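Q: Could you walk me through reading a structure, one feature at a time? I would like the general idea and then the case at hand.

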Amino acid sequence: MSKLILKDKTEIELSTHYGDTFVTVIDNFAELDELKDKLTDANTVIMTVQSDVGEETITGLKLQGITTTFIKNELGAITQIQALLMFRAMDKVEQVEATLTGRIDALSNMMLELMNSEEEEEGNE
């Protein structure tokens with residue numbers, strides 16, 4: 001079975017993928033909401049598809065949309081949700097914006113860590 005691994009190391013089990021579309025099956029709406037929250041531009045700027053034949057790194061894609069199909073049992077009750085994660089290629093401006101956003105986030109995190117370490121040092125004195 002294949003996996004789509006996002007920048008933050010989130011792993012999404014794939015039932016199949018073709019082109020810029022990835023298909024996954026989830027069990028409930030809470031998992032669908034979590035999936036939507038994880039599929040941010042910053043988190044999908046670089047992804048890895050891991051399968052039995054190896055790994056492929058994918059860059060330059062932006063989430064275009066998610067299409068859901070309900071999988072029902074013989075009684076008509078929804079048992080699972082099939083989600084098609086559809087991406088499109090980013091244009092150059094979007095690629096630059098995503099790169100800058102990632103770098104700004106990294107710098108912000110470094111500043112926060114420095115400020116926290118300074119506060120701890122002052123508290124210890």
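Q: Let us begin with accessibility: is K9 buried, partly exposed or exposed?

A: Happy to start there, and please keep in mind that this is a predicted model. The general idea is to compare the relative accessible area with two cut-offs: under 20% is buried, and over 50% is exposed. K9 has a relative accessible area of 65%, so it is exposed.

Q: How many bridges join β1 to β2, and which residue of β2 stands opposite S2?

A: Two strands count as paired if there are at least two bridges between them. Four bridges join β1 to β2, and these strands run antiparallel. S2, which lies in strand β1 (residues 2-5), stands opposite L14 in β2.

Q: Is S2 buried or exposed, and what does S2 touch?

A: The relative accessible area of S2 is 14%, so S2 counts as buried. Leaving aside residues up to four places away in sequence, S2 touches I12, E13, L14, H17, Q50 and S51.

Q: What about its partner L14: buried or exposed, and what are its contacts?

A: L14 sits in strand β2 (residues 11-14). Its relative accessibility is 2%, so L14 is buried. With residues up to four places away in sequence left out, its contacts are M1, S2, K3, L4, F22, V23 and T24.

Q: How far apart are L14 and L35 in sequence and in space?

A: This is a case of putting a sequence separation beside a spatial one. L14 and L35 are 21 residues apart in sequence, and their C-alpha atoms are 13 Å apart in space.

Q: What is the order of strands in the sheet that contains β4 and β8?

A: The reading goes just as before. This open sheet of four strands runs β3-β4-β8-β7, with antiparallel pairing. At its edges are β3 (16-18) and β7 (61-72), each pairing on one side only. The twist averages 20° from one strand to the next.

Q: How many bridges join β4 to β8, and what is the bridge partner of I26 in β8?

A: Six bridges join strand β4 (residues 21-26) to strand β8 (residues 78-89), and the two run antiparallel. The partner of I26 in β8 is I81.

Q: How many aromatic pairs does a search of the whole structure find, and what is the geometry of F22 and F87?

A: For ring pairs, look at the distance between centres and the angle between planes; an angle over 60 degrees counts as edge-to-face. The search of the whole structure finds two aromatic pairs. The ring centres of F22 and F87 are 5.7 Å apart with the planes at 80°, so this pair is edge-to-face. F22 in strand β4 and F87 in strand β8 are 65 residues apart, and the pair links distant parts of the chain. Both residues, F22 and F87, are buried.

Q: And what is the geometry of F29 and F70?

A: F29 and F70 form an edge-to-face pair too, at 5.9 Å centre to centre and 70° between the planes. This pair links F29 in helix α1 (residues 29-38) with F70 in strand β7, 41 residues apart. F29 is partly exposed at a relative accessible area of 49%, and F70 is partly exposed at 38%.

Q: How much space lies in the largest pocket, and which element gives the most to its lining?

A: With a pocket, ask about the volume, then the lining. The largest pocket holds about 170 Å³ of space. Its lining residues include T10, I12, T24, I26, E31, L35 and K38. β2, β4 and α1 each supply at least two lining residues, and α1 gives the most, with four.

Note on methods. Residues are numbered from 1 along each chain as its sequence is written. This is a predicted model: local features need pLDDT of at least 70, side-chain atom pairs count only at pLDDT 80 or more; totals for chains, interfaces and linings use all residues. Side-chain values use heavy atoms; hydrogens and water are left out. Axes are lines fitted to C-alpha atoms, for helices over the stretch in contact, and angles run from 0 to 180 degrees between N-to-C directions. Buried means under 20% relative accessible area, exposed over 50%, partly exposed in between (1.4 Å probe, protein chains only). Contact means heavy atoms within 4.5 Å. Rings of Phe, Tyr and Trp (its six-membered ring) pair if their centres lie within 6.5 Å; planes under 30 degrees apart count as stacked, over 60 as edge-to-face and the rest as tilted. On a 1 Å grid over the protein atoms alone, a cavity is a set of points where a 1.4 Å probe fits but cannot get out, and a pocket is an open set with protein on both sides within 12 Å along at least five of seven lines; lining residues have an atom within 4 Å of a point. Grid points are joined across faces, edges and corners, and a volume is the space filled by probe spheres set on the points.
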